[in-house]
Amino acid sequence: MVICKSCCPKKYVFSDCHQKVLSKLRENIHLNGFVLTDEDDYTEKPERVKDSDTVQMSVLELDWESVTEGQLSHIDTDVIIAADVVYDPDVITSFSNTLCKLLLYKKAEKWLDIFVASTVRNSETYKLFQTKLDEAGLKWQTVADHKKNIFVYEANCTVQILQVSLKM
Ligand SMILES: C[S@@+](CC[C@H](N)C(=O)[O-])C[C@H]1O[C@@H](n2cnc3c(N)ncnc32)[C@H](O)[C@@H]1O
């Protein structure tokens, strides 16, 4: 939401696999003054919302465990931001594979940046994520720390951002 308000992207798609999270997302979008609309031509439709200025927002049900090629091929994006999704060893493989497919299915002429922001609660789980990225044939690098304190959060947790791309 902060990205939508401060960077004004043309489109922004929020995704998750759980219905409760999806409905919280819709609620949050409304609370922030955006409006749900229903205009799209996808077979597997996301619910679209459009803000009064220019940002087109969608809420998309996407499960890394069962995502289809058809669903991924409809995701036409320049930047993917994943926040706090590296916490469960059971879903790390499907998440890494989804990132790999997104990079492979993107249109040849398009650039795709992927950023994965994580609170490192368990270093073994985080290391497992990096290993799975390697196994999926993905390159990753840690984004340099910034010095600004923009949000209030517990400073005793390590927060890291990885930039992920295909190995050339
Ligand atoms: C710790 S929460 C982070 C939520 C949000 N990104 C944030 O930063 O507040 C992790 C999220 O990963 C989602 N998740 C877990 N397994 C998933 C899967 N297989 N496919 C898609 N999302 C999944 C959960 O539903 C949950 O909302």
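The largest nonpolar core has 10 residues: Val86, Ile92, Phe95, Leu99, Val116, Phe129, Leu133, Leu138, Leu162 and Val164. A nonpolar core here is a set of buried Ala, Val, Leu, Ile, Met, Phe, Trp, Tyr and Cys residues joined through C-beta atoms within 7 Å. Please keep in mind that this is a predicted model, in which local features need pLDDT of at least 70 and side-chain atom pairs count only at pLDDT 80 or more, while totals for chains, interfaces and linings use all residues. Residues are numbered from 1 along each chain as its sequence is written.

**The cores**

- Another core, of 5 residues, lies apart from it, and its members include Tyr12, Ile29, Phe34 and Met57.

**Helix H5**

- H5 covers residues 123-135, 13 residues in all, and reaches 18 Å from its first C-alpha to its last, close to the 18 Å expected at 1.5 Å a residue; the expected span is 1.5 Å times one less than the number of residues.
- Its buried residues are Phe129, Lys132 and Leu133, where buried stands for 20 or more other C-beta atoms within 10 Å of a residue's own, exposed for 12 or fewer, and partly exposed for in between, with C-beta atoms placed from the backbone.
- Seen down the axis of H5, these buried residues fall within an arc of 105 degrees, so they line one face of the helix; the arc is that of the directions from the helix axis to the C-beta atoms.
- On the other side of H5, the exposed residues are Ser123, Glu124, Lys127, Thr131 and Glu135.
- The buried residues of H5 pack against helix H4 (89-105), strand S7 (138-142) and strand S8 (158-166).
- Leaving aside neighbours within four places in sequence, Leu133 is in contact with Ser96, Leu138, Trp140 and Val164; contact means that two C-beta atoms, placed from the backbone, lie within 7 Å.
- After H5 comes Gly137, whose phi is positive, near 80 degrees.

**The open sheet**

- Four strands form an open sheet in the order S5-S6-S8-S7, with mixed pairing; two strands pair if DSSP finds at least two bridges between them.
- Strand S5 (79-83) and S7 are the edge strands, each pairing on one side only.
- From one strand to the next, the twist averages 25 degrees, with axes taken as lines fitted to C-alpha atoms (for helices over the stretch in contact) and angles running from 0 to 180 degrees between N-to-C directions.
- Strand S6 (residues 113-120) pairs with S8 in the antiparallel sense over 7 bridges; Phe115 stands opposite Gln163 in S8, and Val116 stands opposite Leu162 in S8.
- S5 and S6 pair in the parallel sense over 5 bridges, and Ala83 has Ala117 in S6 as its bridge partner.

- Most residues other than glycine have a negative phi.
- Cys8 has a positive phi, near 50 degrees, and sits in the loop between helix H1 (2-7) and strand S1 (11-16).
- Cys8 counts as exposed because it has 12 C-beta neighbours inside 10 Å.
- Asp84, in the loop between S5 and H4, has a positive phi of about 55 degrees although it is not a glycine.
- With 11 C-beta neighbours inside 10 Å, Asp84 counts as exposed.

How values were computed
Helices (H or I, at least four residues) and strands (E, at least two) are DSSP runs, numbered from the N terminus.
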